[in-house]
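Q: I am new to this structure and would like to learn how to read its ring pairs and helix packing. Please show it to me first.

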Amino acid sequence: MADQPGTRSVVVIGGSALLLASAAVVSFIGSWEGTGTKVYADKLAGGLPTACGGLTRHVTDTPIVVGEVWSREKCDAEMGKALVKVQLQLAKCFKVAPPQSVFDAATSHAWNFGAPSTCASGAMRAWNAQQWSLGCRRLALDDADRPIWSYVKTGRTLPNGQPEYKFIQGLANRRKAEWQFCNTEAR
């Protein structure tokens, strides 16, 4: 449960309060998504119009038009609202209260893949078993130490009918950074 709309600052999970849109998660996402104010077509996301720190139609109802330039104030306000929206979705997936760093790393992951994907992940299963460090690791590597969550669809289909994916080193770098960020309080 969060504070009243417009004043949301915490969410309570299992009796523990976690910060929404914390300075740490805003800074972390900004370091990977950038903080520019010109709306661009994200190449890794198939040309998806993207504003500010990674805002897309998937996290905001505000129209995002390639080429527009938003004010810093609009970026900050929209980012804050969108982060709270994503975090409130994530909060429903945690059966036990995580450390703030775990919640923030889950937020960064959900920012890229959507809360439903993060909620269904091996990381969330580990966190809900209070295996904080294992969950953090599963943001970047599978159980065989292979990179995960580091691929994008190419637009082609394989002979078996499945979509083809391409490994992106920058996404692998972000996943490793999320793992480290996640572990700051998770040990």
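Q: Which residues form one aromatic cluster?
A: Phe94, Phe103 and Trp127 form one such cluster. Rings of Phe, Tyr and Trp (its six-membered ring) pair if their centres lie within 6.5 Å; planes under 30 degrees apart are stacked, over 60 edge-to-face, and the rest tilted. This is a predicted model, where local features need pLDDT of at least 70, side-chain atom pairs count only at pLDDT 80 or more, and totals for chains, interfaces and linings use all residues. Residues are numbered from 1 along each chain as its sequence is written, and side-chain values use heavy atoms, leaving out hydrogens and water.

Q: How many aromatic pairs does the structure hold?
A: A pair of aromatic rings is described by the distance of the centres and the angle of the planes. The structure holds five aromatic pairs. One of them joins Tyr151 and Phe167, edge-to-face, with 5.5 Å from centre to centre and 65 degrees between the planes.

Q: At which angle do the axes of helix H2 and helix H3 cross?
A: Two packed helices are described by the angle between their axes and the distance between the axes. Helices are DSSP runs (H or I, at least four residues), numbered from the N terminus. The axes of H2 (residues 72-91) and H3 (residues 100-113) cross at roughly 110 degrees and come within 10 Å. Axes are lines fitted to C-alpha atoms over the stretch in contact, with angles from 0 to 180 degrees between N-to-C directions. H2 is therefore roughly perpendicular to H3 (65 to 115 degrees).

Technical notes. Helix = DSSP H or I, 4+ residues; strand = E, 2+ residues; numbered from the N terminus. Parallel < 35°, antiparallel > 145°, perpendicular 65-115°, else oblique.
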